[in-house]
Each structure stands twice: as structure tokens, then as C-alpha cells.
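I opened this entry to look up helix packing and charged pairs. My notes follow the order in which I checked them.

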Amino acid sequence: MYEASIGLFVPYLRNLSALLDKGVAYAEARKFNPTVLLGMRLAPDMYDLAQQVGEACRHATVAPALLAQCEPVALPALEHDMAGLQARIATSIESLPRAEIDAAAERKVFFRLKNGTELPFTGRALLLTFSVPQFFFHVTTAYDLLRHAGVELVKKDYLGRK
């Protein structure tokens, strides 16, 4: 359970941070404000890049905290600036007790949506059917938005392989 949560989230949060760094470098090389990238979206009813990063961080902090039976780390307010998003990612990379998380597979947990609705899960189901897919959806969409903007990214940037 620990490897399926912290073990996945932490490296991909680091990769997401590196993707944002590449976005900043791209903007600076073309002499435009990198903040412009943060408002990009693929469709009008979709979250923008900043919100995609915010949601990835939310799933990477809330799910492991639920499994560890502790309060999730307080994330900084979602800012539409690169430094704020990098701070949010850095705060999301945390260490939680492995034994508590590993023991949570059959434990009942409740994920609270932004509207206040609580969704019941077992720990395993939370990870495998909700939080991990949500996390990767948002990280992938952030990658796609940067690619769409012209940032030179390849699959190894997403995967974090050198």
C-alpha cells in the first residue's frame, strides 16, 4: 500500500516539478511570462494547468493521509504562479508512516469531495480505483498542456527517466 501510494506519488510529483521548470525555461527563451502557461486549458470546461497541478497534489496528499489515519498536510493556497505551484508540489512530498499505510488495505476510509460529499472506500479501493487514477489523469493533463503550448517534452520527461 505504501509503494502504491507514496512510492508512486513522490517520483511523479518530482517529475511534475521538472515539467514546470521546462515550461519556465521555454517561456523565458521565447521572452513571455511563464504565468501565461498556467491559464492554459484544452477545453473551456476543463481545469487549467495550475488547477491540474493543484489536483495532482491534492490526491497525492489526501489519499496517503487517509491511509495513515492522519490529517493531510496543509497545502499552500493554489496560486497561478510557478513559484507557488512549485511550493505546493514540495509540500506534497511528505513522509508518512509506512506501517500505518501498509495496514490500510481493508480499512474503511472516506474521501471528501470539494462539495462536501464523502465517498466510502477500502484503502485498497481508494488507491486503485480513485486516487491513483485521478493523480495520473491530472499529471498527464499537465504534461499535455505544456506539450500543446510548445514546450519540448518527451515521454522520458513524464516518466522521469534520464
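**Entry 1: the model.** I am working from a predicted model.

**Entry 2: α3 against α4.** I wanted the geometry of this pair first. Two packed helices are described by the angle between their axes and the distance between those axes. I looked up helix α3, residues 49-68, and helix α4, residues 82-92. Their axes are 9 Å apart and meet at an angle of about 10°. Angles under 35 degrees count as roughly parallel, so α3 is roughly parallel to α4. I also noted the handedness: α3 passes α4 in a left-handed crossing.

Which residues make the contact? On α3 I listed Ala50, Val53, Gly54, Cys57, Ala60 and Thr61. On α4 I listed Leu85, Arg88, Ile89 and Ser92. I then sorted the contact residues by type. Six are nonpolar, three are polar and one is charged.

**Entry 3: salt bridges, the count.** I turned to the charged pairs next. How many salt bridges does the model hold? The count comes to nine. I wrote up three of them, including the pair Glu3 and Arg98.

**Entry 4: Glu3 and Arg98.** The closest N and O atoms of this salt bridge are 2.9 Å apart. Where do the partners sit? Glu3 lies in the segment before α1 (6-29), while Arg98 belongs to helix α5, residues 98-102. The pair therefore ties together parts that are 95 residues apart in sequence. Glu3 is partly exposed, at 49% relative accessible area. Arg98 is partly exposed too, at 41%.

**Entry 5: Glu55 and Arg58.** This salt bridge has its closest N and O atoms 3.3 Å apart. Both residues are in helix α3. They are three residues apart, so about one helical turn separates them. Glu55 has 7%, so Glu55 counts as buried. Arg58 has 17%, so Arg58 counts as buried as well. I then looked for further partners. Glu55, Arg58 and Lys114 are linked in a network of salt bridges.

**Entry 6: Arg112 and Glu118.** Arg112 forms a salt bridge with Glu118, and their closest N and O atoms are 2.6 Å apart. Glu118 is partly exposed, with 39% relative accessible area.

Notes:
Residues are numbered from 1 along each chain as its sequence is written. This is a predicted model: local features need pLDDT of at least 70, side-chain atom pairs count only at pLDDT 80 or more; totals for chains, interfaces and linings use all residues. Side-chain values use heavy atoms; hydrogens and water are left out. Axes are lines fitted to C-alpha atoms, for helices over the stretch in contact, and angles run from 0 to 180 degrees between N-to-C directions. Helices (H or I, at least four residues) and strands (E, at least two) are DSSP runs, numbered from the N terminus. Angles under 35 degrees count as roughly parallel, over 145 as roughly antiparallel, 65 to 115 as roughly perpendicular and the rest as oblique. A crossing is left-handed if the near helix is turned anticlockwise from the far one by less than a right angle, and right-handed if clockwise. Contact means heavy atoms within 4.5 Å. Ala, Val, Leu, Ile, Met, Phe, Trp, Tyr, Cys and Pro count as nonpolar, Asp, Glu, Lys and Arg as charged, and the others, Gly among them, as polar. A salt bridge is a side-chain nitrogen of Lys or Arg within 4 Å of a carboxyl oxygen of Asp or Glu. Buried means under 20% relative accessible area, exposed over 50%, partly exposed in between (1.4 Å probe, protein chains only).
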